Structures are given as structure tokens and as C-alpha cells.
Amino acid sequence: MALLKVRDLRLSFGGLKVLHDISFSVEKGAINSLIGPNGAGKTSLFNCLTGFYKPKGGSISLGGRPITGLPPHRITALGLARTFQNIRLFKEMTVLENAMSGQHCRSRHGIVSAILHLPAQRREEEAIRAAGMRWLDFVGIQQHAHRRAGGLSYGDQRRLELARALASAPELILLDEPAAGLNEREKLDLVHLIRRIRDETGVTVLLIEHDMGLVMQVSEKIVVFDYGQKIADGPPEAVRADPRVIEAYLGTEE
Ligand SMILES: Nc1ncnc2c1ncn2[C@@H]1O[C@H](COP(=O)(O)OP(=O)(O)OP(=O)(O)O)[C@@H](O)[C@H]1O
């Protein structure tokens, strides 16, 4: 069953067409990737999916529900979470508070009351705190829970972003260049973590990534963009052998 369906999506800024009639789908429980040269439109597509950009045409549905043009907080509440190309944590807050903030869209009283310890919110706060710790444990940084988020190593800040996104209880998580800036050891850990996200939590994963080794290793299906157009869509072996992809993307790397 398709969890995410994108149909004929179009986006432009002034005269610049950024996405041309993009259609693809992501099956529930899949790990899929979106690749393409710089400026191909990958992050713009993520911004349409999450409600940051309003497409000019076409439709997006999540779990059968239309989400095209909804504001970002509604889309998050409907089960779509993301991480960013550039880390966006609350650097002065603790690691645990950052993980807790991911549950904002699910909490009744609001995360601010939880962090300020207002008495009426005590029970909910305990639950939010416990869930935050579970997600820190899941990504392997629970020992840093009470440190300042900005003081974590770069790799651990990336893990914290993942924990925060997972804490919003998504059905689909979008990862924008999760391997950027990681060393080889950290990339291996990331492959393992991405698989665990899907296998242990059932969350579907769609990632944008420039690291071809990682993409080929982790994806069941790869969608390829070039100049805002989809030029290929299939399993890694087929995509790797596709002459249009070699010319547009892999060719430019070599
Ligand atoms: N808010 C905006 N206003 C104007 N142009 C934009 C805006 N956002 C993106 N674009 C343009 O859309 C095109 C696609 O950019 P986008 O960032 O989506 O590409 P990308 O495939 O994610 O690239 P990269 O791999 O470098 O991150 C670029 O030409 C970019 O300049």
C-alpha cells in the first residue's frame, strides 16, 4: 500500500520552474531515496511535502488523506516528520528537552508548560520525559540527556535530530542529507539506524542523500531528479544502470 502519493506536483518561483509534474509513491514500511545533482529540486520537494512551500499544482496524500497545501503543523500532526540539511536544534536547551520538543504536536498541554513544570501538567510531563528518554536511548545518546544540545559532537547532534523527529510519532520520516559531514564509521552506524527505524518502529523512511554508497545500500527504491524533472524511479540496480542517470548524475560525479 502506498503511504505517500505525489501526483503531478508543480512548483515555481517567479519564472523559475523548480518541479515539473512530479509523480511517485512510497510504500508503507519502505526505505526509499531521492537523489539528483545539486539544485535538482530535492529539498524543494521535501518543503512541499511538509507544507513549507505551496505547490502550483498537483496533489500529495499521506495514508490516503490529502495534505496538499496544509500548514506544516497540521502535516506533522498527520504523521510526517523531517530532519534538515543543516542541523536545527535548540542548542541552549538540554538534549532531553530537545527530544521532548518533538512531541509538541501530540501533547495536550504544550511542551512549554511541561518544561516549566506547571503542576497541572505533571503527569503528562512525566510521560513526555519518559518517551524523550526512550528515543534518546533508541538513537544511542541517552547518556548525554542532561547536557546542552549545542555541546554534543556533530554526529550526536544528527542523532538528536532523528530522536526529536521520531518523538513526534510519525508514519513517514523525511531525512535531508543525513550522512552529510559524517565520517565512514558514523555512516555505517547511520545505515544501521535507518534500518532499525523501519524494522523496529515501522516508520517509513524517505531520504535525500548524495552519498551513493549509502543510498545503494539502504534503499529499496530510488527516485532520481534532474532539473526539477523525475528521470528515473526504480530499484538501485536498475537506477545505477540507467543511461539517463549515469549521464545526469553519476556521470557528473566522476
Ligand atoms: N525559496 C526559494 N526561492 C527561489 N528559488 C528557490 C527557493 N527554494 C529553492 N529554489 C530554487 O529551486 C531549485 C532547486 O533547489 P533545491 O534546494 O530544491 O535543490 P536540491 O536538489 O535540494 O539541491 P541540493 O542537493 O544542492 O540541496 C534551485 O534552483 C533553487 O535555487
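## The β9–β10 pair

In what sense do strand β9 and strand β10 pair, and over how many bridges? The pairing is antiparallel and runs over five bridges. β9 covers residues 221-226, and β10 covers residues 229-234. This is a predicted model.

## The six-stranded sheet

β9 and β10 belong to an open sheet of six strands. The order is β6-β7-β8-β3-β9-β10, and the pairing is mixed. The edges are held by β6 (80-83) and β10. Each has a single partner strand, so one side of each lacks a neighbour in the sheet. From one strand to the next, the twist averages 15°.

Strand β3 (residues 31-35) and strand β8 (residues 204-208) run parallel, joined by four bridges. Here Leu 34 stands opposite Ile 208 in β8. In general, strands of a sheet pair through backbone hydrogen bonds, in either a parallel or an antiparallel way.

## Helices across the sheet

Which strands does α1 lie across? They are β3, β6, β7 (172-176), β8 and β9. α1 runs at about 150° to β7.

Helix α7 spans residues 184-201. α7 lies across β3, β7 and β8, and runs at about 150° to β8.

The residues around the ligand are Phe 13, Leu 16, Val 18, Gly 36, Asn 38, Gly 39, Ala 40, Gly 41, Lys 42, Thr 43 and Ser 44. Two elements give two or more residues to this shell, namely β2 (16-27) and α1 (42-49).

How do the shell residues divide by class? Four are nonpolar, six are polar and one is charged.

## Two domains

The chain is divided into domain 1 (1-79 + 170-254) and domain 2 (91-169). Their centres, taken over C-alpha atoms, are separated by 26 Å. Domain 1 brings twelve residues to the contact, and domain 2 brings nine residues.

On the side of domain 1 that touches domain 2, α2 (72-77) and α7 are the elements that give two or more residues. By class, this side of domain 1 has seven nonpolar, four polar and one charged residues.

Conventions. Residues are numbered from 1 along each chain as its sequence is written. This is a predicted model: local features need pLDDT of at least 70, side-chain atom pairs count only at pLDDT 80 or more; totals for chains, interfaces and linings use all residues. A residue is near a molecule or strand if its C-beta atom, placed from the backbone, lies within 6 Å of it. Ala, Val, Leu, Ile, Met, Phe, Trp, Tyr, Cys and Pro count as nonpolar, Asp, Glu, Lys and Arg as charged, and the others, Gly among them, as polar. Two strands pair if DSSP finds at least two bridges between them. Axes are lines fitted to C-alpha atoms, for helices over the stretch in contact, and angles run from 0 to 180 degrees between N-to-C directions. Two residues are in contact if their C-beta atoms, placed from the backbone, lie within 7 Å. Domain bounds come from an automatic or database domain assignment.
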